[in-house]
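Hello,

Here is the structure for you to look over. My notes come after it.

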Amino acid sequence: MPRDNTTPLIQKIARQAYDAFKGFDASAAGDNDVFIDKQNELIALVTAIRAADLKIAPRKKDSDSKPDLASPPVTYMHICETDAFSMGVFLLGTGASIPLHDHPGMNGMLKVLYGKVRIRCFDKLEHDLAASSDLPVFDPPLRPFQNDSLRRAALRSVGEFSGSSEPCLLTPRRDNLHQIDAVGGPAAFLDILAPPYDPDDGRDCHYYKVLQRAKAGATDDEPTEQQGKDEKEEEMWLLEIPQPEDFWCGGEPYPGPAVST
């Protein structure tokens, strides 16, 4: 079969994402060899994508002048969306962060296009707070009504990813919560979510903050030196919160090749 050198790489990614995730069943995906093979093909394609393939020029590091508080810290370029997946590019300014948030019942694939990001990945743990008589004491203390918003979680990894790194993956069961911070300047990454967020179908985005225990030291917030996911798991407590007031996401036109799905 002749090699396809004319189809843009981002179009190949879209086709493979649709093929991999159409009819996705979160309960069976981990044991489905066909799904795993299709996902691996998608990972190989995404690993090869670069900013130039999307006609995105890396942004220069911001000056030391005060940031424009009227400008969004993060912007998004929409590429395409189907019932099976959504795909776009997030662009983070110097020092910008996407707060800790979840992806209910969703798979995700994140590939840095330029710059460097630090990603902290968490998993929610099963818990029954009503049966817990010994909740930790937090600093600052929680108010009684906040107990319903407590979530027990495990810190799975902290790592730094650049344009030469492989994609960062999340699944419905693993690394499903993450926080993304730009490191050392602006950064951008291709983002694939499958299926897309849909509040009407139980896939709304929830935000969290990590709680500090009053009698324990501060949590380790520093990344490992490698770009992998070898951070020792650490049990932590999260509090579900509204979207942070200092975070919002603006929109930008996508300049790259048109994608059909």
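Below are notes on the cysteines and on one strand with its partners.

This is a predicted model, in which local features need pLDDT of at least 70, side-chain atom pairs count only at pLDDT 80 or more, and totals for chains, interfaces and linings use all residues. Residues are numbered from 1 along each chain as its sequence is written, and side-chain values use heavy atoms, with hydrogens and water left out.

Cysteines first. A disulfide here is a pair of cysteine sulfur atoms within 2.5 Å. The count is zero. For C121, the closest cysteine sulfur is that of C168, at 4.5 Å, which is too far for a bond. C121 is buried (under 20% relative accessible area; exposed is over 50%, partly exposed in between; 1.4 Å probe, protein chains only), because its relative accessibility is 0%. C168 is buried too, at 4%.

Now strand β2, residues 86-92. Strands are DSSP runs (E, at least two residues), numbered from the N terminus. Seven of the seven β2 residues are buried, so the strand is largely enclosed by the rest of the structure. S86, G88, F90 and L92 point one way; M87, V89 and L91 point the other. In a regular strand, side chains alternate between the two faces of the sheet.

β2 has pairing partners, where a pair needs at least two DSSP bridges between the strands:

- β1 (residues 74-81) pairs with β2 in the antiparallel sense, over seven bridges. Y76 stands opposite F90.
- I192 in β9 is the bridge partner of M87.

Best wishes

Definitions and conventions: Helix = DSSP H or I, 4+ residues; strand = E, 2+ residues; numbered from the N terminus.
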